[in-house]
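Subject: Structure for you to look at

Hello,

Here is the structure I promised to pass on. Please open it first, then read my notes below.

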Amino acid sequence: MTMDHDRDEAMPQALRRRLVRLAYRYLGSVSDAEDIVQEAAVKLLASDGVRDRDAWLARVVTNASLDRLRHLKARRETYIGPWLPEPIVEIEESPGDRELDISFAVMRTLETLSPLERAAFFLHDLFGMDFETIAATLGRSPAAVRKLASRARQAVKERPPRFLASQTDIERLLIAIGQAVETDTIDGLAAMLTEDIELVSDGGGKMVAALRVLSGPLEVAAFLLHIARKPRAGGWHFTPVQANGGAGVLLGSQAGLDSLMAVDLDLEGRVAGIYIIRNPDKLVRVPAGPDAGLARYGRPD
């Protein structure tokens with residue numbers, strides 16, 4: 001029996017996927033999250049007398065994620081332009097996965113919380129741990145972690161309600177962008193955006209991207225028109241993809257993958273957030289694959 005087989009037996013795939021999502025909600029990095037979960041699986045194999053495996057692993061993953069965050073702090077502070085998490089492209093998702101929402105809108109909200117606020121919130125509200133156990137895990141008093149969880153819960157509750165887009169919503173947005181190019185006007189495109197829309201583009205200083213968060217329908221529509229007009233060898237290619245729990249699209253050309261775009265919606269179905277990841281380091285793990293979606297979205301000349 002191999003070590004890999006032992007780890008799979010000790011940590012079923014559904015639990016592994018849930019723990020990767022937990023670590024990802026701290027770190028915003030798929031590779032870092034997977035490394036931490038792998039290390040937790042090894043520790044589990046070497047430990048005796050673990051009575052509640054899932055809770056034990058959640059604590060181990062949390063402590064490792066907090067430790068990794070301390071090392072990443074300096075890198076985040078010098079990041080060029082807006083930061084977005086590395087996208088998670090998944091083929092399937094279970095109800096348990098959805099409980100650990102990793103949409104870009106939620107991930108941006110979580111970034112505003114301190115690491116300890118996130119930890120208290122996740123462990124109590126998502127893993128059902130009591131505050132005494134969380135206090136022992138984080139080295140704080142039960143009263144302190146109760147306040148941390150409360151502040152985090154309130155911050156998540158106060159954010160404007162946002163909803164994941166479907167592929168139909170993505171297609172509708174792409175069509176509106178195409179019409180804006182054809183008519184040289186952004187009126188129709190701006191009309192489908194909310195008044196408080198934000199566009200976040202992440203180039204990481206390695207690809208051209210807006211160096212601040214763009215806001216408002218006119219500014220965002222003008223930026224999308226500007227991008228769409230940029231010439232690409234063979235035109236833009238659009239490939240539907242499932243990213244961070246919602247619909248997204250890969251933007252590419254004959255030169256290869258350019259970026260991943262995802263959106264979220266308000267209650268009335270208008271586009272309320274647009275997220276464009278261009279940093280090539282964050283697209284390494286995105287399976288560009290064959291042009292499976294081109295038949296659906298078409299390939300403009």
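Let's start with a pocket. The second largest pocket has a volume of about 390 Å³. Keep in mind that this is a predicted model.

Which residues lie nearest the centre of the second largest pocket? They are S29, R75, Y79, W83 and K282. In total, 19 residues line this pocket.

Next, look at which helices take part. Both α3 (30-46) and α4 (53-77) give at least two residues to the lining of this pocket. The largest share comes from α4, which supplies 3 residues. By type, the lining of the second largest pocket holds 8 charged residues, 6 nonpolar and 5 polar.

Now the cavity. How many cavities of 30 Å³ or more does a search of the whole structure find? The answer is 1. The volume of this largest cavity is about 70 Å³. It is lined by 13 residues, and S103, F104, L164, A262 and V263 are the closest to its centre.

Three elements each put at least two residues into the lining of the largest cavity: α6 (104-111), β5 (246-253) and β6 (256-265). Of the elements, β6 gives the most, with 3 residues. The lining of the largest cavity is made of 9 nonpolar residues, 3 polar and 1 charged.

Then there is a pair of helices. In general, two packed helices are described by the angle between their axes and the distance between the axes. Here the pair is α7 (residues 115-126) and α8 (residues 131-138). Their axes come within 10 Å and cross at roughly 145 degrees. The crossing of α7 with α8 is right-handed.

Which residues make the contact? From α7 they are L116, A119, A120, L123 and H124. From α8 they are F131, I134, T137 and L138. The contact of α7 with α8 has 7 nonpolar residues, 2 polar and no charged.

Last, the whole chain. The protein chain has 13 helices and 7 strands. It runs to 301 residues, and buried residues make up 49% of them.

Have a look for yourself, and send me your questions.

Best wishes

Notes
Residues are numbered from 1 along each chain as its sequence is written. This is a predicted model: local features need pLDDT of at least 70, side-chain atom pairs count only at pLDDT 80 or more; totals for chains, interfaces and linings use all residues. Side-chain values use heavy atoms; hydrogens and water are left out. On a 1 Å grid over the protein atoms alone, a cavity is a set of points where a 1.4 Å probe fits but cannot get out, and a pocket is an open set with protein on both sides within 12 Å along at least five of seven lines; lining residues have an atom within 4 Å of a point. Grid points are joined across faces, edges and corners, and a volume is the space filled by probe spheres set on the points. Helices (H or I, at least four residues) and strands (E, at least two) are DSSP runs, numbered from the N terminus. Ala, Val, Leu, Ile, Met, Phe, Trp, Tyr, Cys and Pro count as nonpolar, Asp, Glu, Lys and Arg as charged, and the others, Gly among them, as polar. Axes are lines fitted to C-alpha atoms, for helices over the stretch in contact, and angles run from 0 to 180 degrees between N-to-C directions. A crossing is left-handed if the near helix is turned anticlockwise from the far one by less than a right angle, and right-handed if clockwise. Contact means heavy atoms within 4.5 Å. Buried means under 20% relative accessible area, exposed over 50%, partly exposed in between (1.4 Å probe, protein chains only).
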